[in-house]
Amino acid sequence: MKTAEPVHRLAVLLPYRLAPTRMSVRISPLSAAILCFCAVMAASTAWAQTAPTMLSPLQVIVKWSPLLLRGFAFNILISLLAMLLGTVAGLGLGLALLSQYRLLATASWFVTQFFRNAPWLVLLFFVMFLVPFQITIFNTTVPLPDWIKATVGFALPVMANVAEVVRGAVRSVPSTQWEAAESLSFTRRQTMWLIMLPQCIKRMLPPWMNIYALVAMATVLASIVGVSEMLTLTAQVHAAEGGRPELFAPLYGFALLCFFLYCYPINLWTARLERRFRVR
Amino acid sequence: MVATWTPDQPIVQCVEVRKSFGALEVLKGISLSVRKGEVICIIGPSGSGKSTLIRCINALQPISSGSIQIEGIEVTDPRLDKLALRRKVGMVFQQYNLFPHKTALQNVMMAPIHVLGQKRAEVEARARALLAKVRLAGKEDSYPGELSGGQQQRVAIARSLAMRPDIMLFDEVTAALDPETVKEVLVTIRELAEDGMTCLLVTHEMNFAREVADHVYFTDRGVIVEHGPPETLFTAAKDERTQRFLSQVL
Ligand SMILES: Nc1ncnc2c1ncn2[C@@H]1O[C@H](COP(=O)(O)OP(=O)(O)O)[C@@H](O)[C@H]1O
Ligand SMILES: [Mg+2]
């Protein structure tokens with residue numbers, strides 16, 4: 001499925017503008033909805049002026065939707081894996097941040113700050129180009145496809161953000177809980193796993209979901225490094241349909257709509273959880 | 001050292017304990033002892049270092065100089081296994097400090113299971129008995145947030161007792177309670193004392209101290225001003241600071 005280069009390059013610039021990773025989550029779905037709406041409106045007017053022999057934008061979307069939706073499912077898969085990986089690593093890093101060992105805590109602090117303050121796209125590039133396309137363990141060669149590398153690339157900022165969430169949540173537990181645990185002879189590790197983390201889970205859930213929504217939206221960045229996720233496929237579909245200008249807005253509007261329908265409920269739910277936990 | 005201690009010697013022995021936070025000296029040479037089965041009360045104005053002393057005894061804070069021995073073991077010894085020491089000492093706080101994500105029963109069961117490695121069934125039976133003893137039968141499955149302050153404090157007492165300590169430390173455990181519930185907690189402590197539990201209490205409940213204590217220490221600004229059996233201390237205090245304090249609180 002090699003498509004015309006110029007069209008592809010045009011599409012490549014788009015995701016960066018549509019889903020900047022530092023954008024506030026709560027506003028972006030709304031603006032996405034408005035954008036989407038405008039795009040569809042513009043498209044229908046545009047189409048009304050063209051020859052009726054060609055497929056309408058809607059027909060094009062319907063025709064290609066199985067492929068596009070499969071691409072979207074791939075975005076979700078990448079985001080879920082990145083979140084899983086990032087959460088496990090982030091929990092470890094967060095606990096290291098809370099360590100009594102100064103050296104470990106300081107080192108983890110630098111790691112956290114580094115990955116929290118690096119643009120996601122730059123991290124993605126680094127992972128794509130630094131990690132080899134295959135690794136050899138005990139004479140077995142394991143190929144590392146691009147999408148796996150991209151997943152790792154997204155997991156890094158997730159890790160740093162989760163670490164910060166864990167640290168903040170554990171710090172917010174009153175120090176008297178540590179004292180109570182200490183006076184009952186719990187070790188530090190037991191206190192962390194049996195007493196601190198379980199009472200923090202509620203507190204950690206909303207910011208954690210917030211991070212997830214950001215990752216889900218950021219997965220389109222993988223199109224820049226050639227992963228066949230939704231945005232890449234959208235560009236290819238557009239090219240396959242002859243690169244008609246009036247298809248541009250509907251096709252990308254469809255991608256926006258998919259992400260909106262996926263992320264908006266997550267954000268709603270996050271906000272509801274936040275409210276509920278604040279009342280308690 | 002360890003082998004020389006016998007139960008007829010003090011369980012807690014503080015000698016010339018000093019403790020500073022930076023330039024602020026909070027304990028200025030405290031000496032006191034608690035024998036097995038005794039109930040000792042520490043009274044005094046706030047800020048006089050009572051909580052600090054209690055925390056030092058449980059090795060929650062290091063002391064600057066002097067010596068604290070629990071059953072003949074030096075608390076300040078850097079090689080000491082602090083966790084082993086704390087198993088002998090139960091502690092109850094002013095703010096209860098129950099684990100909010102666990103039920104009353106789970107709060108009581110946690111330490112014996114995870115710290116002492118005892119069997120769950122056996123621990124559960126003991127925990128239920130302890131909750132019944134502090135008059136909380138029926139509240140086993142309540143979370144701390146669903147219990148009143150007095151009930152939470154009694155769960156906290158049961159939680160400490162579940163570790164079968166040799167001595168219980170109480171730091172103003174009724175100070176955060178409303179007047180009606182103070183009594184139910186004091187009754188619990190009194191019953192404990194009558195069962196022979198060794199208790200070291202910091203308290204503002206003068207009537208309780210007078211009725212239950214074997215010995216009362218009056219502290220002010222990091223020193224023990226005066227001490228003696230409650231009958232003498234409450235009625236015939238010699239020091240002018242003690243008299244002033246008692247006239248304010250009685
Ligand atoms: N962790 C600490 N750091 C610095 N100062 C402290 C600390 N804990 C207690 N203090 C100070 O020590 C003094 C005695 O406190 P405390 O032992 O709580 O007294 P009490 O329990 O008799 O009211 C107070 O002046 C208090 O501000
Ligand atoms: Mg105090």
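A salt bridge here is a side-chain nitrogen of Lys or Arg within 4 Å of a carboxyl oxygen of Asp or Glu. The legends below describe close-up views of a predicted model.

View 1. In one of the salt bridges, the side chain of B:Arg55 meets that of A:Glu179, with N and O 2.3 Å apart. On chain B, the elements that give two or more residues to the side touching chain A are helix H2 (82-88), strand S6 (89-92), helix H3 (104-114) and helix H5 (149-161). Sorted by class, that side of chain B consists of 12 nonpolar, 5 polar and 5 charged residues.

**View 2. Area buried between chain B and chain A.** In this interface, 22 residues of chain B contact 16 residues of chain A. The two chains bury about 1700 Å² between them, and carbon and sulfur atoms account for 63% of that area. Of the area that chain B buries against chain A, 28% comes from B:Leu83, B:Phe99 and B:His101, more than from any other three residues.

**View 3. Surroundings of ligand 1 in chain B.** The residues around ligand 1 are B:Phe21, B:Val26, B:Gln61 and the run B:Ser46, B:Gly47, B:Ser48, B:Gly49, B:Lys50, B:Ser51 and B:Thr52. A polar side-chain atom of B:Ser51 is 2.6 Å from an oxygen atom of ligand 1. For B:Lys50, a polar side-chain atom lies 2.8 Å from a ligand 1 oxygen. B:Ser48 takes part through its backbone, where a polar atom is 3.2 Å from an oxygen atom of ligand 1.

**View 4. The annotated domain of chain B.** An unreviewed UniProt entry places the feature "domain: ABC transporter" at residues 12-246 of chain B. Over residues 12-246, chain B is 38% helix and 26% strand. The end C-alpha atoms of this span are 26 Å apart.

**View 5. The annotated domain and transmembrane regions of chain A.** For chain A, an unreviewed UniProt entry gives "domain: ABC transmembrane type-1" at residues 72-270. In the model, this span is 78% helix and 4% strand, and its end C-alpha atoms lie 22 Å apart. Under "transmembrane region", UniProt (unreviewed entry) lists residues 72-98, 118-135, 147-166, 211-231 and 251-270 of chain A. Residues 118-135 of chain A are 61% helix and 11% strand, with end C-alpha atoms 26 Å apart. Residues 211-231 of chain A are 48% helix and 0% strand, and the end C-alpha atoms of that span lie 21 Å apart.

Key:
Residues numbered from 1 in each chain as written. Chains lettered and ligands numbered in written order. Predicted model: local features only at pLDDT ≥ 70, side-chain atom pairs only at ≥ 80, totals over all residues. Heavy atoms only, no water. Contact = heavy atoms within 4.5 Å. Buried area = accessible area lost by both parts, 1.4 Å probe. Nonpolar A, V, L, I, M, F, W, Y, C, P; charged D, E, K, R; others polar. UniProt positions renumbered as here; feature names shortened; annotations may be inferred. Near = heavy atom within 4 Å. Polar contact = N/O pair within 3.5 Å; in protein donor to acceptor, adjacent residues only side chain to side chain.
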